[in-house]
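Hello,

Here is the structure we talked about handing over. My notes follow it.

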Amino acid sequence: MTEIADPKTLQPEQPPPRRFSRCCVVTSATFLLVILLVAIVLILFFILFKPKDPTTTLLSANVSGVSPRVSFPAVRIQLNLSLDLLVLVHNPNRASFSHRPGKSLVLYRGKQVGQADVSPGRIRARGSERIPCRVTIEAEKFVSELGQLIGDVLSGEVGFDTTTRIPGKVTILGLFKRHAVGNAECHVVVGFPDLSIKRQECQYHTKV
């Protein structure tokens, strides 16, 4: 007995609707366009808002107090000095820079002889702030270097090294935070007995 095939099974398969294919193409193109736009936005974001180094500059240094006196025959030295520093912190970023309490140190021949706190604050985008700082020189810190200090005073010049460290962070669009630390290292030569600043040489570093 011969089976009669169903006419429906003999018909060729119909290709999928073109509307579905066009929909896939449009969806894929839209997805790629979105990815491209996001990439462009991110590139522009990092170009325009990439955190830059805040710069720390020592504008001036002044000495106040009484000129050291050396007494003989029992060798003693009386010291009552303060070093007034004026530090300029510049924020080149398009976002604000908030700095935490910092430190200013004064060293004599590598030994710390004074320190002072730097007040915290906030510097607007592309703005600058002048930060005064007074460091009192501690006479008792010179005990181990007394002979060299007396020699320097008698020669008319005493060299001090100052280090100012200001840590903080840059906040971008209120969401992204990047830590940064500005440092200023200077060698200041003080003249005696007039307590004038003879020379001042500085190096500036920033760690981001």
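Leu 33, Leu 36, Leu 37 and Ile 40 form a nonpolar surface patch of about 360 Å². Patches take residues with over 30% relative accessible area and no salt bridge, joining like charges within 9 Å and nonpolar side chains (Val, Leu, Ile, Met, Phe, Trp, Tyr) within 5 Å. A salt bridge puts a side-chain nitrogen of Lys or Arg within 4 Å of a carboxyl oxygen of Asp or Glu; areas are Shrake-Rupley with a 1.4 Å probe, and for residues only the protein chains shown count as cover. Ile 40 sits in helix α2 (residues 18-49) and is partly exposed at 39% relative accessible area (buried is under 20%, exposed over 50%, partly exposed in between; 1.4 Å probe, protein chains only). Helices (H or I, at least four residues) and strands (E, at least two) are DSSP runs, numbered from the N terminus.

This is a predicted model: local features need pLDDT of at least 70, side-chain atom pairs count only at pLDDT 80 or more, and totals for chains, interfaces and linings use all residues. Numbering starts from 1 along each chain as its sequence is written, and side-chain values use heavy atoms, without hydrogens and water.

On the backbone:

- The peptide bond from Phe 192 to Pro 193 is cis, omega near 10°; Pro 193 lies in the loop between β9 and β10 (197-207).
- Leu 195, in the loop between β9 and β10, is not a glycine but has a positive phi near 55°. Leu 195 is buried, at 14% relative accessible area.
- Arg 109, in the loop between β4 and β5, also a non-glycine, has a positive phi of about 50°. Arg 109 is partly exposed, at 46%.

Regards
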